[in-house]
Amino acid sequence: MTLSDNPALFIFPIPAVNFWQRIQPLAPLEPGLYGDFWQGALAISGNNAVEVATLAQRSNLTVLALDTGGFSLADALALRKISPATIQQAIFSLPAESRPSQVYLPSWLDAQILGAGSDSSLGEIQILPLAESHPGSLRAENNELFSVLKVALRLVLVQSALWALPLLVFGWQSLSWGLASLLLAGVVSGLLWRLLSFSHFFRVGLISSLLAILMVSGLLLLADLSTLEIALRTLAVLLASLWLTLMMNGLKP
Amino acid sequence: MKAFLPIRLHLAVSPLLALLVGYLFQAGGEMAAPPILTPSVTPFWQVMVTVYEDSPPQIEKVSKVEIAQSIVIRPGSSVIQILTDDGQVLHEQAFDPVFASGDFAVTKLIFMFTLPDDPAAVKIFVRTSQGEAVYDLVR
């Protein structure tokens with residue numbers, strides 16, 4: 001949804017956030033404006049419920065939630081789900097009469113890359129840093145790899161919580177193998193995500209295939225197992241990896 | 001890059017997928033550790049028989065073995081049998097002792113037979129053109 005689709009400039013109320021949303025990196029909301037009322041100044045965030053709620057409450061600004069698949073702005077930039085150009089485009093998609101006079105960006109985001117100060121980009125819109133209130137302000141700016149790895153491991157944590165009971169139905173061995181598969185998929189995805197500059201689905205397929213090959217090689221070298229057993233275990237790892245890497249594309253509300 | 005999976009669908013599918021993954025690991029594990037099977041070995045009686053040209057045969061040695069060595073023997077009129085207490089033949093094998101004559105004359109031949117065991121078997125019986133021999137099996 002772009003903001004220009006919404007001529008009435010509808011402002012969603014500040015979302016309530018629960019514990020489940022707080023512990024995971026994915027908490028998708030409808031992209032759009034959030035806040036109590038339109039104040040002529042905008043803070044930019046991803047469409048992550050926790051980020052939007054925190055930002056709106058702490059800064060008392062109207063928050064423009066971009067479609068980042070439910071990730072926070074910092075995570076979405078690290079995952080390359082959005083770019084500074086996307087942010088600029090979203091600001092320009094606002095109706096002309098409702099353009100903000102000020103846009104607050106997290107201080108770690110270089111305002112220059114949005115074209116602030118130049119004649120051709122945001123024009124009269126003033127770009128201001130928003131350090132204290134932004135949840136991502138403590139982000140290690142130059143360590144994108146660490147950020148992606150952190151996102152992947154938080155996804156592993158959440159998926160492990162969801163998977164633990166169903167896996168336990170099939171015994172402790174299934175539980176340990178299942179959780180280990182998720183962890184392996186998380187680490188490999190976190191390490192390779194930014195290195196593989198392909199389309200998302202190709203990247204998901206590539207990472208999962210790589211894990212499957214690793215699994216087959218490991219089992220062939222280290223374990224004395226039948227072909228069918230190796231195939232079943234590899235299929236299980238492949239499914240776990242596909243699921244986790246699909247999560248890294250984000251979710252819709 | 002747009003997200004394509006709604007969060008509610010994700011929450012519904014995730015445990016189902018976990019069940020499938022768990023099942024695959026369990027199925028793989030069961031195949032990895034098969035129950036220990038005792039090989040079904042049928043024991044055999046190994047019987048050494050000396051056949052004489054002009055006297056009845058003699059059963060020299062009988063021992064129980066677990067691996068049978070298959071030896072092709074030319075069938076003939078002589079026979080070795082494994083019998084029950086009431087004389088019922090459980091297994092028999094015909095053979096043909098041929099004694100060479102002339103400069104390399106042979107007057108006795110040694111045969112090694114392998115006969116399948118049976119709980120009902122009590123004796124081994126050998127019959128040639130020169131006579132018979134009986135051996136009572138000891139278990």
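This is a predicted model: local features need pLDDT of at least 70, side-chain atom pairs count only at pLDDT 80 or more; totals for chains, interfaces and linings use all residues.

Biologist: How many bridges join strand β4 of chain B to strand β7 of chain B?

Modeller: Strand β4 covers residues 78–83 of chain B and strand β7 covers residues 123–128, and the two run antiparallel.

Biologist: Which strands stand at the edges of the open sheet of 4 strands in chain B?

Modeller: The order of that sheet is β5-β4-β7-β8, with antiparallel pairing. An edge strand has a single partner strand, so one side of it is left without a neighbour in the sheet, and in chain B this holds for β5 (89–95) and β8 (131–136).

Biologist: What is the order of the open sheet that 3 strands of chain B form?

Modeller: The strands β3 (58–65) and β6 (108–116) of chain B each have a single partner strand, so they stand at the edges. Strand β2, residues 44–52 of chain B, pairs with β6(B) in the antiparallel sense over 9 bridges, and within chain B, B:T50 stands opposite B:I110 in β6(B). The order is therefore β3-β2-β6.

Biologist: Turning to chain A, which helix supplies the largest share of the nonpolar patch?

Modeller: The patch on the surface is formed by A:L145, A:L153, A:L183, A:V187 and A:L191, which together have about 370 Å² of accessible area. Both α5 (144–168) and α6 (172–192) of chain A supply at least two residues each. The largest share, 3 residues, comes from α6(A).

Biologist: Is A:V187 buried, partly exposed or exposed?

Modeller: A:V187 has its place in helix α6 of chain A. Its relative accessibility is 33%, and a residue counts as buried under 20% and as exposed over 50%. A:V187 therefore counts as partly exposed.

Biologist: What is the value of phi at A:R80?

Modeller: A:R80 is found in the loop between α3 (73–78) and α4 (84–92) of chain A, and at 40% relative accessibility A:R80 counts as partly exposed. Most residues other than glycine have a negative phi. A:R80 has a positive value, although this residue is other than glycine, and its phi is near 60°.

Biologist: What ipTM does the predictor give the complex?

Modeller: For chain B, the mean pLDDT is 83, and 84% of its residues reach 70 or more. For the complex, the predictor gives a pTM of 0.64 and an ipTM of 0.79.

Note on methods: Residues are numbered from 1 along each chain as its sequence is written. Chains are lettered from A and ligands numbered from 1 in the order in which they are written. Side-chain values use heavy atoms; hydrogens and water are left out. Patches are made of residues with over 30% relative accessible area and no salt bridge: like charges are joined within 9 Å, nonpolar side chains (Val, Leu, Ile, Met, Phe, Trp, Tyr) within 5 Å. Accessible areas come from the Shrake-Rupley method with a 1.4 Å probe; for residues, only the protein chains shown count as cover. A salt bridge is a side-chain nitrogen of Lys or Arg within 4 Å of a carboxyl oxygen of Asp or Glu. Buried means under 20% relative accessible area, exposed over 50%, partly exposed in between (1.4 Å probe, protein chains only). pLDDT is the predictor's confidence in each residue, from 0 to 100. Two strands pair if DSSP finds at least two bridges between them.
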